[in-house]
Every structure is written in C-alpha cells, then in structure tokens.
Amino acid sequence: MVPAITATSAIEQLQTQSLQLKSWFEHRPDTIHGLCVRKYPAWLEPQCFFKANDHIPFDTARFNLMMNNSQHLWQVTLDMVFYMKRRVTDEGRVADASILFTVLDDKDQPRVVDYLPVWEGSITDNESPEQWVDFWFKRLTKSPRLRRIFAYKKYVEELES
C-alpha cells in the first residue's frame with residue numbers, strides 16, 4: 001500500500017520541486033540518458049521551463065523524448081506539468097495534486113498522456129532535479145497510457161546499421 005500524503009503536503013512538495021527544476025533549467029541541463037521505451041533505448045533532452053502565468057495555469061517543464069528503435073530515431077515533445085489541484089480521475093475518483101504528462105500534437109496543442117499521483121516518499125529532499133525527472137519519466141514509461149505518445153512521434157533520422 002502506498003503511504004498517504006495530504007493534499008497540502010503534495011502541493012508544497014510539488015512547488016518546492018518546481019522551483020528546483022526551474023533553477024536547473026536555467027543552467028542548461030544535460031541530456032538525461034538511461035531510459036527505455038518498449039525495450040528500446042531512449043533519452044530526454046530538456047527544452048525549457050514555463051512558469052505559471054495568465055496563459056499557463058501550472059509550472060511546466062518541456063522535454064524532447066528521443067527513442068531509438070535500432071533503425072530510426074524518433075522524437076516526441078512531452079510536457080511535465082506540476083498539476084497542483086484536485087481533479088476527477090478517469091475512474092471517477094477524486095485525486096490530489098499530481099504530475100501530468102502531455103504530448104504536443106502537430107498543432108502544438110497538449111494532449112493528455114497520464115496523471116501520476118504524488119505519494120509520501122515520491123519526492124525526497126536529497127534528490128537532484130535530474131534524478132527527480134528521471135524517476136517520474138521512468139514511472140511514465142511503465143504506465144499503460146504511454147501508448148498515447150506514439151500517435152505524435154516525429155521521425156528524426158534513419159540510423160546506420
């Protein structure tokens with residue numbers, strides 16, 4: 001059983017992590033290697049961080065997820081959104097603050113991939129922003145909703161054998 005976390009605590013933890021991630025983006029972060037998508041190597045290329053404002057309701061970190069299937073290199077632009085309010089899940093339950101992953105379609109409109117709930121211990125004080133991003137993207141790659149990203153993948157190049 002996953003330890004419970006209060007809604008206030010989840011929001012506070014997400015706000016703290018958002019500030020750390022914003023600072024990390026300001027220092028031009030390196031690529032995050034070591035991901036695996038459907039048994040193929042993948043990596044994240046950090047793009048930019050958007051602070052919440054009148055047009056963007058929540059802090060958002062944008063990444064290019066690069067996937068190598070041994071023949072071709074593919075790219076999907078994903079946003080990691082610090083979703084800091086309650087919502088109703090697909091199953092009709094009320095969920096507290098969470099990490100929302102969206103994929104950008106060909107018109108740069110966000111399409112929901114998955115909401116991943118925050119729980120006690122999912123955010124620790126001694127993790128670097130890079131480790132934290134790696135943790136959440138690895139959770140996303142294990143989600144059954146990951147398949148939603150493949151409709152929006154973009155061909156990058158053919159790889160030499």
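**Loops, strands and charged pairs**

Me: Is His-27 buried or exposed?
Reply: His-27 is exposed, because its relative accessible area comes to 61%. The classes are buried (under 20% relative accessible area), exposed (over 50%) and partly exposed in between, with a 1.4 Å probe and protein chains only.

Me: What should I know about the model itself?
Reply: It is a predicted model: local features need pLDDT of at least 70 and side-chain atom pairs count only at pLDDT 80 or more, while totals for chains, interfaces and linings use all residues. Residues are numbered from 1 along each chain as its sequence is written, and side-chain values use heavy atoms, with hydrogens and water left out.

Me: Back to His-27. Where does His-27 lie?
Reply: His-27 is in the loop between α1 (7–26) and β1 (32–37). Helices (H or I, at least four residues) and strands (E, at least two) are DSSP runs numbered from the N terminus.

Me: How many Å separate the C-alpha atoms of His-27 and Lys-142?
Reply: The separation is 29 Å, for two residues that are 115 apart along the chain.

Me: Switching to charges. How many salt bridges are there?
Reply: The count is seven salt bridges. The rule is a side-chain nitrogen of Lys or Arg within 4 Å of a carboxyl oxygen of Asp or Glu.

Me: Start with Glu-26. What does the Glu-26 side chain meet in a salt bridge?
Reply: The partner of Glu-26 is Lys-22, with an N to O distance of 2.7 Å. Glu-26 and Lys-22 are four residues apart in helix α1, so about one helical turn separates them. Glu-26 is exposed at 52%, whereas Lys-22 is partly exposed at 27%.

Me: Which residue forms a salt bridge with Lys-51?
Reply: Asp-59 does, and the closest N and O atoms are 2.9 Å apart. Lys-51 is partly exposed at 37% relative accessibility, but Asp-59 is buried at 6%.

Me: What about Asp-105 and Arg-111, how far apart are the closest N and O atoms?
Reply: They are 2.9 Å apart, and the pair forms a salt bridge. Asp-105 is buried because its relative accessibility is 6%, while Arg-111 is partly exposed at 37%.

Me: Next, Asp-114. Which strand is Asp-114 found in?
Reply: Asp-114 is in β8, residues 110–117. Asp-114 counts as buried, with 6% relative accessibility.

Me: What side chain does Asp-114 have a polar contact with?
Reply: The side chain of Arg-145, at 3.0 Å. A polar contact is a pair of N or O atoms within 3.5 Å; within protein, one must be able to donate a hydrogen and the other to accept it, and residues adjacent in sequence count only if both atoms are side-chain atoms.

Me: Last one. Where is Arg-147?
Reply: Arg-147 is placed in the loop between α2 (129–141) and β9 (154–158). Arg-147 is exposed, with a relative accessible area of 53%.
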